Amino acid sequence: MTLELCQISLQQTQELLRLTNTTLRSICCRKFTDRELYVEALRRVLGGRGRRGPDSIYIHLNGKSGESRGRVFHLISGEVVEGSEEIVIDPASVFSPQRLSDEMLVSNWRDTCETVEQYQSYFHPKIKSFIGRPVTNFICCQIGGELSGALLAFNYPGEATEYDARVLLSLAVVIGSLVTLSNGVRETENAFIYTIEALARACEAAEESTGEHIVRVNRYAGALAANMGLPVDLVEVISYSAQMHDVGKIRVPNEILLKSGPLDGEELRIMRLHPVYGEMILGDSPRLQIAREIAMTHHENWDGSGYPSGIGGEEIPLCGRIVKLADVYDALRSRRSYKNPLSHEETLAVFREGDGRVDPVHHFDPVVLATFFSIEHIFEQIYRSVSSAGT
Ligand SMILES: [Fe+2]
Ligand SMILES: [Fe+2]
């Protein structure tokens, strides 16, 4: 029996190790949530379907104010099911899990009590009610990493053993380290988004428009990308990258950028270099590839008559074709020193029939244009909701 338990615990620990490996390998392309991690890890440890393990696991994390917040999980027909609403336990409570979690603890009712009924008095009523049946044994161990908390596993078949405790300890280490890692990834991601937003805002400060233009272009681009059926992750990247479409204007002299009259030939030539400057400023980070493509191609036309490269059709990256339409819509809606703003209906008319500058059939990707017409009311909503002048 002991050898068998030893082999089972070794096998379960190896499964947890494999989970950690897989998670680490996919860390760059996967969005973590704490819940996903718990569920993956718990699936490998909870008992059922011929597998040895506890029938419930209570995970609690200690809050800043000392209280402990936890949830009970079960395995039902191979699926991890959250068996409870959040349980909040006061640290002063005699049932506080902090009091149990100083060390790893293995407990079977026979070691402590005369009867199983007596043994129940050790457990918090809320935890007990979510476990759903009398507790006959449990193992408790602390969660590692930056988190402060513990795991309590209840009702192993027969007796809870040292071997079971080792598996639970591995689970605690896995959960602790992966959650710490996922928090780190999230913080880095937030810092990245914040930095590019700051860069986009800094560039726009030089222009007559307010920061509202970049926010709206982000949202239009996100709405177009989502309604073209692109994957959620790509929609998000296109949306946040769109705000850097004019980042290259930071290198265009203010006399040209802010000139109220029409630009002469040389001024126009310099102005039309801003996509190239943008690509240079965004550098070669793989994380900014979409931003770079957008900066470089948002003035290209479907028929190849745009700038700076004169590429056309599907040679223009899709993200550039999307942001082009979003940018033109917003430019038409906005007041400039040389023109009055158009209403949504007037802009729709330009997108249908064209005007002196916009030629929808030759300038826009027909699929992007058709998507625009199917969601044009969303453009109007975005313009109104992100516009100090649009209401
Ligand atoms: Fe531009
Ligand atoms: Fe723009």
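1. Asn155 is placed in the loop that links strand S7 (149-154) to helix H6 (162-204); helices (H or I, at least four residues) and strands (E, at least two) are DSSP runs, numbered from the N terminus. The model is predicted, so local features need pLDDT of at least 70 and side-chain atom pairs count only at pLDDT 80 or more, while totals for chains, interfaces and linings use all residues. Residues are numbered from 1 along each chain as its sequence is written, and side-chain values use heavy atoms, with hydrogens and water left out.

2. The backbone of Asn155 deserves a remark. Its phi is near 60°, a positive value in a residue other than glycine. Most residues other than glycine have a negative phi. Asn155 counts as buried because its relative accessibility is 3%, buried meaning under 20% relative accessible area, exposed over 50% and partly exposed in between (1.4 Å probe, protein chains only).

3. The peptide bond from Tyr307 to Pro308 is cis, and its omega is near 5°. Most peptide bonds are trans.

4. H12 (residues 289-297) and H13 (residues 318-333) have axes that come within 8 Å and cross at roughly 55°; axes are lines fitted to C-alpha atoms, for helices over the stretch in contact, and angles run from 0 to 180 degrees between N-to-C directions. H12 is therefore oblique to H13, given that angles under 35 degrees count as roughly parallel, over 145 as roughly antiparallel, 65 to 115 as roughly perpendicular and the rest as oblique. On the H12 side, Ile290, Glu293, Ile294 and Thr297 meet Cys319, Gly320 and Val323 of H13 (contact means heavy atoms within 4.5 Å). The residues of this contact comprise four nonpolar, two polar and one charged; Ala, Val, Leu, Ile, Met, Phe, Trp, Tyr, Cys and Pro count as nonpolar, Asp, Glu, Lys and Arg as charged, and the others, Gly among them, as polar.

5. H13 also packs against H7 (residues 212-227), the axes coming within 9 Å and crossing at roughly 135°. H7 and H13 are therefore oblique to each other. The contact of H7 with H13 has 10 nonpolar, one polar and three charged residues. Among the H7 residues that meet H13 are Arg216, Tyr220 and Leu224.

6. Strands S2 (residues 68-76) and S3 (residues 79-82) run antiparallel and are joined by four bridges. Leu75 has Val80 in S3 as its bridge partner. The two strands form a hairpin with two residues between them, and Ser77 in the turn has a positive phi of about 50°.

Methods. Chains lettered and ligands numbered in written order. Pairing = 2+ DSSP bridges.
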